[in-house]
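Hi,

Here is the structure I promised to pass on to you. Please have a look at it first, and then read on for my notes.

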Amino acid sequence: MALDKPYKDIPGTTIFDADQSRKGYWLNQFCMSLMKADNRVRFKADERAYLDDWPMTDAQKAAVLARDLNECIRLGGNIYFLAKIGATDGRSFQQMAGSMTGMTEAEYRDMMLGGGRSIEGNRRIGEDGDAQAQHQPQGHAAKDV
Amino acid sequence: MARITASVYTSHVPAIGAALDQGKAGEPYWQPLFRGFDFSKQWLAEQRPDVVLLVYNDHATAFSLDFIPTFALGTAARYAPADEGYGARPVPEVLGDPELASHIAQSVIQDDFDLTLVNRMDVDHGLTVPLSLMCGQPRAWPFRVIPLAVNVVQYPAPSGRRCFQLGQAIRRAVDSFDAGLNVQIWGTGGMSHQLQGPRAGLINREWDQAWLDQLIDDPVACSQIPHIDYVREAGSEGIELVMWLIARGAMADVAGGARPVVKHRFYHVPASNTAVGHLILENP
């Protein structure tokens, strides 16, 4: 009998379960390697060459190079591992989280100062909250130069 | 005999540690948050615990995907603050209590909780930020710390019910330790927050407040809340709140004693991406 996965119907959310973890094993272990200062230097010197040392898929490597965190998560990445890339780039956790919404840094920070994202309309896929697929991207990050 | 005298609950946002370490605690953004811990610092200084059993989660720091222990108890003599990619926090080394930790391990495992024991581990912001919030910036932490790391990174985290039961087993273990120690148990993480995807930035103030009410007044019912409710209502990372149930389960009323006294309660939005909750419960 299949396991119950009731968390599949939450909009804009990927739960890092065993399936995702299996898919993203090498992606996440690559991220973990950035905990060491020497590795951060090597990665920054030649990102492509550093990634090619890891048995990751081409799609995973491309997502890392593009810093597309939503795509990284879809391909099995976990945010606490992916945060090591952000740390290497000198970005805060808030910048990283905000980058997945399509908002600019200022737009996202203002949303948090205003009390955060509302739960209304964002509990289940099919409702009409701002995290639903039909409302992406949410801000003006794509228009930033 | 050792006794658990109180439990403390707080969120453990990394940006809070960074704000303190970089001298930004007085800035308007951070002031209201740190004010919420003024009472707590004074209270803790008066309580003078010998040991704090600190329930927290590792954020892909000590544990990568190589090992994913559900409950990992630290039995080491010392733990270094970890480099999480930004360099290690400039905070004191954390001293453990191997004797009490080993006693708890033996008692709790024989009580049917299959703990992982850890003798070498760096501790990340999950453990050091609560220490900073409660102690400020001392040259040495004023008590020994027994880390209990809970997996909340790879789904599923342990259930609230299981966490609540583990707290009860820890209380029995501490009660059977011969030395007369003043022990506190801290539950950390939460409250509502989501760090990923288009729903990042979710905060659910009403749900958080109702959850705090229930944690205090009806912890048995609170422990029955299923994972999906945390994830849906409090965000994918809000599930960290199950760790608070370990600390709550260790309070005297759960074993038929008197109800705890609420010494302090605080709630603030935002700290970076997160709603910060804080409670102090004292056994009478």
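Below is what I found, chain by chain and then at the place where the chains meet.

Please keep in mind that this is a predicted model.

Chain A

Chain A is a helical chain, with nine helices and zero strands. Along the principal axes, the C-alpha atoms of chain A fill a box of roughly 50 × 45 × 20 Å. Of the 145 residues in chain A, 41% are buried. If you take the contacts in chain A between residues at least 6 apart in sequence, 61% of them join residues at least 24 apart.

Chain B

In chain B you will find an open sheet of eight strands with mixed pairing, in the order S6-S3-S7-S2-S8-S1-S10-S9. Its edge strands are S6 (116–118) and S9 of chain B, each of which pairs on one side only. On average, neighbouring strands of this sheet are turned by 20° against each other, direction ignored.

What does S9(B) pair with? Its partner is strand S10 (residues 274–282) of chain B; the two run antiparallel and are joined by eight bridges.

- Helix H3 (residues 38–47) of chain B touches strand S1 (3–10), S9 and S10 of chain B, and its direction makes about 140° with that of S9(B).
- Helix H4 (residues 98–110) of chain B touches strand S2 (51–56), strand S3 (71–74), S6 and strand S7 (144–150) of chain B; its direction makes about 150° with that of S3(B).

Where the chains meet

How many residues of chain B are in contact with chain A? There are 35 of them, and they contact 47 residues of chain A. The elements of chain B that give two or more residues to this side are helix H1 (14–21), helix H9 (227–234) and strand S9 (261–271). H9(B) provides the largest share, four residues. By type, the residues on the side of chain B that touches chain A are 17 nonpolar, 12 polar and six charged.

One element links these notes: S9(B) is an edge strand of the sheet, and S9(B) also gives residues to the side that touches chain A.

Best wishes

Note on methods:
Residues numbered from 1 in each chain as written. Chains lettered and ligands numbered in written order. Predicted model: local features only at pLDDT ≥ 70, side-chain atom pairs only at ≥ 80, totals over all residues. Contact = placed C-beta atoms within 7 Å. Nonpolar A, V, L, I, M, F, W, Y, C, P; charged D, E, K, R; others polar. Buried ≥ 20, exposed ≤ 12 C-beta atoms within 10 Å, placed from the backbone. Pairing = 2+ DSSP bridges. Axes fitted to C-alpha atoms, helices over the stretch in contact; angles between N-to-C directions.
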